[in-house]
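Here are a few exercises to work through with the structure open. Try each task before you read its solution.

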Amino acid sequence: MLCMRMSNFEGKPKEKSVEEVHHQKAIDYLKSFQELGPEEFLAVYPHAILLESYLAPSSRTKLGRVETIAELDINDLDSQTKSHENGPLLQARVIPLEKRDKSSSERMLFVGRSPNNDIVVPNKMVSKLHAYFCQVPGSEIIQLVDMNSTNGTFINGKKISPSVKMNLQDEDVISFGPETRMAYFSATGFCQLLESLV
């Protein structure tokens with residue numbers, strides 16, 4: 001594969017010739033990938049990501065239920081997407097795993113309902129401070145840790161124990177509580193996914 005590198009979210013400055021733009025949907029990242037090519041794309045977008053697909057606002061419940069990519073067959077996404085711009089994968093929201101405060105030296109990336117988290121999940125079933133992501137020092141491995149949340153954190157349907165660091169792999173389905181699910185991809189894995197759609 002041409003996509004060979006995954007970077008971290010530790011806030012280190014990075015050299016880049018093209019300015020990083022935070023797109024909302026996977027289709028926008030696909031367009032950037034086609035313009036930049038794999039190497040430049042990874043230089044500009046070096047972070048692991050979460051993919052999330054929202055229901056239309058009129059379809060949401062009062063709790064803000066989220067329909068996600070995890071509720072689809074991830075193995076069928078390529079065939080659905082190549083022929084249809086409005087396919088579920090290309091319309092999925094992309095959430096980069098990076099600190100909200102770029103100058104922070106904090107190595108943990110916090111997830112929860114509270115607005116001061118790095119990744120805010122506005123769902124009542126998600127705890128105010130639900131979980132965090134961290135990177136194994138000296139490696140490219142990203143881990144997920146539940147912070148004793150009320151409704152639990154799940155990886156591929158299995159509840160993880162609080163305070164236990166769990167290594168993540170591409171296409172892992174992460175659930176924050178029973179209603180919010182997202183698919184994890186390393187930077188390299190996301191690049192390879194986009195490459196398969198070209």
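**Exercise 1.** In which sense do strand E1 and strand E11 pair, and over how many bridges?

*Solution.* Keep in mind that you're looking at a predicted model. Start by finding E1 at residues 49–52 and E11 at residues 180–185. The two pair in the antiparallel sense, over three bridges.

**Exercise 2.** Work out how H1 is oriented relative to H4, and which residues make the contact.

*Solution.* First, locate H1 (residues 26–36) and H4 (residues 187–197). Their axes come within 10 Å and cross at roughly 80 degrees. Angles of 65 to 115 degrees count as roughly perpendicular, so H1 is roughly perpendicular to H4.

Next, pick out the contact residues. H1 brings Ala26, Tyr29, Leu30 and Phe33, while H4 brings Phe190, Cys191, Leu194, Glu195 and Leu197. Sort them by class and you get eight nonpolar, no polar and one charged.

**Exercise 3.** Why can H4 be called largely enclosed by the rest of the structure?

*Solution.* Go through the helix residue by residue. The buried ones are Ala187, Thr188, Gly189, Phe190, Cys191, Leu193, Leu194, Glu195 and Leu197. That's nine of the eleven residues of H4, so the helix is largely enclosed by the rest of the structure.

Notes:
Residues numbered from 1 in each chain as written. Predicted model: local features only at pLDDT ≥ 70, side-chain atom pairs only at ≥ 80, totals over all residues. Heavy atoms only, no water. Axes fitted to C-alpha atoms, helices over the stretch in contact; angles between N-to-C directions. Helix = DSSP H or I, 4+ residues; strand = E, 2+ residues; numbered from the N terminus. Parallel < 35°, antiparallel > 145°, perpendicular 65-115°, else oblique. Contact = heavy atoms within 4.5 Å. Nonpolar A, V, L, I, M, F, W, Y, C, P; charged D, E, K, R; others polar. Buried < 20%, exposed > 50% of the residue type's maximum accessible area, 1.4 Å probe, protein only. Pairing = 2+ DSSP bridges.
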